[in-house]
Amino acid sequence: MKAIGVTREGEGVELLEVDRPAPAEGEALVRTLRVGVDGTDHEVIAGSHGGSPQDSDYMILGHEAVGVVEDGNGSGLEAGQVVVPTVRRKPDGETNEYFRRGEPDMAPSGEYVERGIVGEHGFMAEYFTSPADTLVPIPDHLADQGMLVEPISIAEKANEHAFSTREPFEWRPESACVLGNGTLGLLTLWMLGREFDRTYCVGRRDRPDPTIDVMDELGATYVDSRETSVEEMPDAHEAVDYVFEATGYAPHAVQTVHALAPNGVGALLGIPGSWEFEIDGGAVHEEIVLHNKCLIGTVNSHVKHFEAAVETLDAMPSWLLEELVTTVATPEAVDQAFEDDNDQIKAVVEFDTL
Ligand code: NAP
Ligand code: BGC
Ligand code: ZN
């Protein structure tokens, strides 16, 4: 079958021919419909995050997938059901408390593999297998957009963790700022627009730009980080109650503290790697303490976040989904889905239709 992957020697993505997987006990065989590409895939291709399975000289990419059950294999899933796979799996032959609790997203490095990212093949192939309890059923009418469930689930988890830190007191947030105008940022911007009176989105591009058009249409204010640094938000616009960082730009982690209003919370999602720069550590420390601020880190998501994401996706307006999914590539023309092109927002590889 056709698969899209990276090889140890190779540069960039390649169309590979690999064997169709056979489902083990408890697993279903899934026929892949669409697989999305995100910033993490580019980090994996660049070699700055994740890596191939130990026993393989290539890795099939893809962790944002939607497919249809081809063979339930007695796992409890029925052939024809549309499903979205979660990303984390137990390391081979092992398990640990996080998986036993159903919270693999809270496992530390080394205690999980991630399909298509860390040590395990992903879903960017004509077929994949997966344990039934890692396949979240979705309604048929969401099949074309189902690859967005995973990134939305990431935002569901981040928001849940961030907002729960403010539960001990009466928090009345009004404004939120998303850092980053990739798909994760824009999906989250729509979600926060439902809860906050005012939203901002930070990018570093000139108009005309399709991501800035989406911000405009969502009623958010575009902030160009080349003109207004994130720490200048309070002077340039307002101090915000919530910051959602989705850039991978490490200085934003520190600047977030200064962008927040008293009692605000910032969620950091980017995965920058080593990045040295000077900061006034005392000012950061004092600001967090004297204004009851909170910074959280958040990664991955599990089944309950996927289930919440299915509802969120269902509520998203069709114009937004049409504007976000700019590229639908075939496996043969897969390079189109990995281009560095500002006209591209979400690129997907389509293997089949329902
Ligand atoms: P993406 O498509 O690469 O988007 C990142 C966006 O951030 C781009 O639009 C980029 O703008 C913008 N950006 C980068 N540096 C900036 C700066 N200094 N000022 C303003 N904007 C800046 O990636 P994504 O898929 O949306 O994901 C966003 C980040 O979250 C990535 O680092 C990804 O690895 C991470 N992520 C984490 C999780 C998690 O579980 N924690 C899950 C998914 C993704 P340009 O395009 O103009 O350069
Ligand atoms: C994926 C997450 C994963 C994270 C770190 C993200 O792009 O969506 O599922 O945990 O990267 O590898
Ligand atoms: Zn991702």
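A polar side-chain atom of His63 sits 3.2 Å from an oxygen atom of ligand 2, which counts as a polar contact (a pair of N or O atoms within 3.5 Å). Glu114 also puts a polar side-chain atom 2.5 Å from an oxygen atom of ligand 2, and for Asn300 the distance from a side-chain N or O atom to a ligand 2 oxygen is 2.9 Å. On its own, ligand 2 has 310 Å² of accessible area, and the protein covers 93% of that (Shrake-Rupley method, 1.4 Å probe).

This is a predicted model, with local features needing pLDDT of at least 70 and side-chain atom pairs pLDDT 80 or more, while totals for chains, interfaces and linings use all residues. Side-chain values use heavy atoms, without hydrogens or water, residues are numbered from 1 along each chain as its sequence is written, and chains are lettered from A and ligands numbered from 1 in the order written.

Who else surrounds ligand 2? The surrounding residues (a heavy atom within 4 Å) include Asp38, Thr40, His49, Val87, Glu150 and Ile271. By class, the shell splits into five nonpolar, four polar and three charged residues, where Asp, Glu, Lys and Arg count as charged, Ala, Val, Leu, Ile, Met, Phe, Trp, Tyr, Cys and Pro as nonpolar, and the others, Gly among them, as polar.

Strand 7 runs antiparallel to strand 8 (residues 113–115), joined by two bridges, and Arg89 has Val113 in strand 8 as its bridge partner.

Terms used:
Polar contact = N/O pair within 3.5 Å; in protein donor to acceptor, adjacent residues only side chain to side chain. Pairing = 2+ DSSP bridges. Helix = DSSP H or I, 4+ residues; strand = E, 2+ residues; numbered from the N terminus.
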